[in-house]
Every structure is written in C-alpha cells, then in structure tokens.
Amino acid sequence: MAFTVPDAHLLALEALEGQVDRQGRDYYLSHLRPIAEALRPFGAHAEMAGVLHDIVEGTRDDPDPGRRYDLDRLRALGVPEPVVEAIDAVTRRPGEPYISGLIRRAAAHPLGRLVELADNRHNLAEVAELAATDPDKARTLREGRYRPARRILLAAEAADGVHGRRVLV
C-alpha cells in the first residue's frame, strides 16, 4: 500500500507529539499543518514534505530510540523518495551554519526550496508576532536570518528554468 498524504500527517502527529512552538502552542497545529496546507496546491509530495520537514531534526535527540526518525527509517515506512530527498535538503545538520549550509542546500533542491520558502514565510509571520513582546529579538531574526534566507531562496527559484518560477506561497 502506498504512503499517502494522510499517512504523512499522522506520522508527523505521532513523531512530534508533545512538542510546542515558541509560544507554547502544539507544534503540529501551529507550524507543520499550516506549512503543509500552504504547499497543498503544489501536489501530494509537496504537502507530505511540508508536514514532515522537521521530523528528522525534531526527533534526533529523543531519548527513546524508537521515537527517532532518520531518512532510512522514513524510506522503510514507505515515504516517497522525492519527499525523503526534500526532507534531507531542509534538515539542518548538527553544527551547520544556517545561511551558508542549510539555506544554500535547500535552495539547490527544487522541492526542498519550496518547503523552505513556505517555512520561511511562516517563520516571518511568527517573528511579526514576537515583535509585540520582544522587538529586538524579532528584528534580529527577521533581518539577520529570515529575510536573507528568503532572498537566497527566491533567487534560486527565479533562476530555475525547469522547476522554478512557481507561484509561491
């Protein structure tokens, strides 16, 4: 039986159960589901990659080995290879720089780039909320991290004559 979009949502719910965002909200509901929904118009693989984009990074340090998900485990569960590759493209490696590592790698992968653009847009919206309580931190994140990343991702999307130039979320 093929791995489906509902399977991806259920896997994200199970794997990241109990995790919360910066405001203490359920991580699946506040972060993963909105990104998956934004990517839905781009097809099943995009929605799957959106809802699962943090599964490797978010479970890497779980004390229970049975709750850790790596790329091989995702493949064994039947997650389609293009989705696994996109997840790999947007998963930060330990010690990796954000812009010169993660963002450059994600920008080079068509589906990973789309996922990272949706994630980036969501993060910029969250930073706008943060500005009400911590304007200095919000400015640092917006100007030092998320806007520079967005410029790189959008430039890669515009330059990609095969997969790029999609109407972006």
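**Notebook: helix contacts and the nonpolar core**

I began with the place where two helices meet, and I noted that Ser30, His31, Pro34, Ile35 and Leu39 in H2 are in contact with Leu114, Val115, Ala118, Asp119, His122, Asn123 and Glu126 in H8. Sorted by class, this contact of H2 with H8 holds six nonpolar, four polar and two charged residues. I keep in mind throughout that the model is predicted.

Next I looked up the geometry of the pair, and I found that the axes of H2 (residues 27-39) and H8 (residues 110-130) come within 10 Å and cross at roughly 130°. That angle makes H2 oblique to H8, and I wrote down as well that the crossing of H2 and H8 is right-handed.

**H6 and H7**

How do H6 and H7 run, roughly parallel or roughly antiparallel to each other? I found that the axes of H6 and H7 come within 7 Å and cross at roughly 150°, and because angles over 145 degrees count as roughly antiparallel, H6 and H7 are roughly antiparallel to each other. In this pair, Asp88, Ala89 and Val90 of H6 meet Leu102, Arg105 and Ala106 of H7, and the contact of H6 with H7 has four nonpolar, no polar and two charged residues.

I then asked which residues of each helix are buried, and for H6 I listed Val83, Val84, Ala86, Ile87, Ala89 and Val90. The buried residues of H6 are covered by elements that include H3 (44-52), H4 (55-59), H5 (71-76), H7 and H8. For H7 (residues 98-107), I listed Tyr98, Gly101, Leu102, Ile103, Ala106 and Ala107 as buried, and these buried residues of H7 pack against H6 (81-90), H8 and H9 (135-159).

Leaving aside its neighbours within four places in sequence, I found Arg104 in contact with Ile99 and Ile152. I also looked up the separation of the C-alpha atoms of Arg104 and Val90, which is 9.7 Å for two residues that lie 14 residues apart along the chain.

Is Arg165 buried or exposed? I found Arg165 in the segment after H9, where its relative accessibility is 64%, and because exposed means over 50%, Arg165 counts as exposed.

Val5, Ala8, His9, Leu11 and Ala12 in H1 meet Ala44, Glu47, Met48, Val51 and Leu52 in H3. By class, I noted eight nonpolar, one polar and one charged residues in the contact of H1 with H3.

Which residues have the most contacts inside the largest nonpolar core? This core has 48 residues, and those with the most contacts inside it are Leu11, Val51, Leu52, Ile55, Leu74 and Val79. Leu11, Val51 and Leu52 had already come up in my entry on H1 and H3.

Conventions: Residues are numbered from 1 along each chain as its sequence is written. This is a predicted model: local features need pLDDT of at least 70, side-chain atom pairs count only at pLDDT 80 or more; totals for chains, interfaces and linings use all residues. Side-chain values use heavy atoms; hydrogens and water are left out. A nonpolar core is a set of buried Ala, Val, Leu, Ile, Met, Phe, Trp, Tyr and Cys residues joined through side-chain atoms within 4.5 Å. Buried means under 20% relative accessible area, exposed over 50%, partly exposed in between (1.4 Å probe, protein chains only). Axes are lines fitted to C-alpha atoms, for helices over the stretch in contact, and angles run from 0 to 180 degrees between N-to-C directions. Helices (H or I, at least four residues) and strands (E, at least two) are DSSP runs, numbered from the N terminus. Angles under 35 degrees count as roughly parallel, over 145 as roughly antiparallel, 65 to 115 as roughly perpendicular and the rest as oblique. A crossing is left-handed if the near helix is turned anticlockwise from the far one by less than a right angle, and right-handed if clockwise. Contact means heavy atoms within 4.5 Å. Ala, Val, Leu, Ile, Met, Phe, Trp, Tyr, Cys and Pro count as nonpolar, Asp, Glu, Lys and Arg as charged, and the others, Gly among them, as polar.
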